[in-house]
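Please keep the structure open as you read.

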Amino acid sequence: MSEPTGPVGETEPQVVDPLDQPGVPDALQRLWTPYRMVYIGGADKPKDASEAECPFCRAPKRPDEESLIVHRGALAYVICNLYPYNPGHLLVCTYRHVSDYVDLTTAETAEVAELTRRAIRVIQHVSAPAGFNLGMNQGTVAGAGIAAHLHQHIVPRWQGDSNFLPVVGRTKAVPQFLADTRGLFADAWVDLYGAVPDDSPLDADPTPFRPDGEDA
Ligand SMILES: [Zn+2]
């Protein structure tokens, strides 16, 4: 038996098992939200408004699982928000790097709308929320995190999902990993709307919409 070290009478925490850390449990719960650290640290914040820096231009160039893409359409795609307000928070983005809603083509406008409708149906199918917040923030002053590339938010809402935590602690509890969310939605999308078409949407060449008589 080894002798205790340190001055006689001084109490030190004794670690018997490596997994037994010294210390006394307190009454506080710990909420681990490591994904927020990326945001706080600004690690993936674009350096400028260019397409090269834009996360919504880069995402479709990576595999769906890696970029958290749920579905690829012809002119727009659906992706899990990396910083969800609620579990199942999706974004609809055009492939084209467009900042203003009025600069979308007619076809892009229609597809963003249709993908929004389908995304709502998919979320309802997977997690049956009580309601939704839908919307776009155009411009940094309006709250857009990535103002250079327009994106439509689809936020499922449940009764009582807003509590003191976001207000006081500026923290949102999201009890599901994004990879799991993406997998559930991608499977549900195929169940409801069929498999992804073969043609590469990145080859699409949209023509900017101009009303009759308006010069480009
Ligand atoms: Zn972009």
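The report below takes the helix, then the sheet, then the phenylalanine.

This is a predicted model, in which local features need pLDDT of at least 70 and side-chain atom pairs count only at pLDDT 80 or more, while totals for chains, interfaces and linings use all residues. Residues are numbered from 1 along each chain as its sequence is written.

**Helix α6**

Let us begin with α6, which covers residues 178-193 and has 16 residues. Helices (H or I, at least four residues) and strands (E, at least two) are DSSP runs, numbered from the N terminus. From its first C-alpha to its last, α6 reaches 22 Å, close to the 22 Å expected at 1.5 Å a residue; the expected span is 1.5 Å times one less than the number of residues.

Which residues of α6 are buried? They are T181, R182, F185, A186 and W189. A residue is buried if 20 or more other C-beta atoms lie within 10 Å of its own, exposed if 12 or fewer, and partly exposed in between, with C-beta atoms placed from the backbone.

Just after α6, G194 takes a positive phi of about 90°.

**The sheet**

Five strands form an open sheet in the order β1-β2-β3-β5-β4, with antiparallel pairing; two strands pair if DSSP finds at least two bridges between them. The edge strands, β1 and β4 (131-135), each pair on one side only. From one strand to the next, the twist averages 20°. Three bridges join the antiparallel β1 and β2, and H71 has V78 in β2 as its bridge partner. Helix α6 packs on this sheet, touching β1 and β2, and its direction makes about 30° with that of β1. Axes are lines fitted to C-alpha atoms, for helices over the stretch in contact, and angles run from 0 to 180 degrees between N-to-C directions.

**Phenylalanine F56**

Our last stop, F56, lies in helix α2 (residues 55-58). Is F56 buried or exposed? F56 is buried, because 23 other C-beta atoms lie within 10 Å. Leaving aside neighbours within four places in sequence, F56 is in contact with C93, I146, H149 and H151, contact meaning that the C-beta atoms, placed from the backbone, lie within 7 Å. F56 and H149 are 93 residues apart along the chain, yet their C-alpha atoms are separated by 6.8 Å.

Technical notes:
Two residues are in contact if their C-beta atoms, placed from the backbone, lie within 7 Å.
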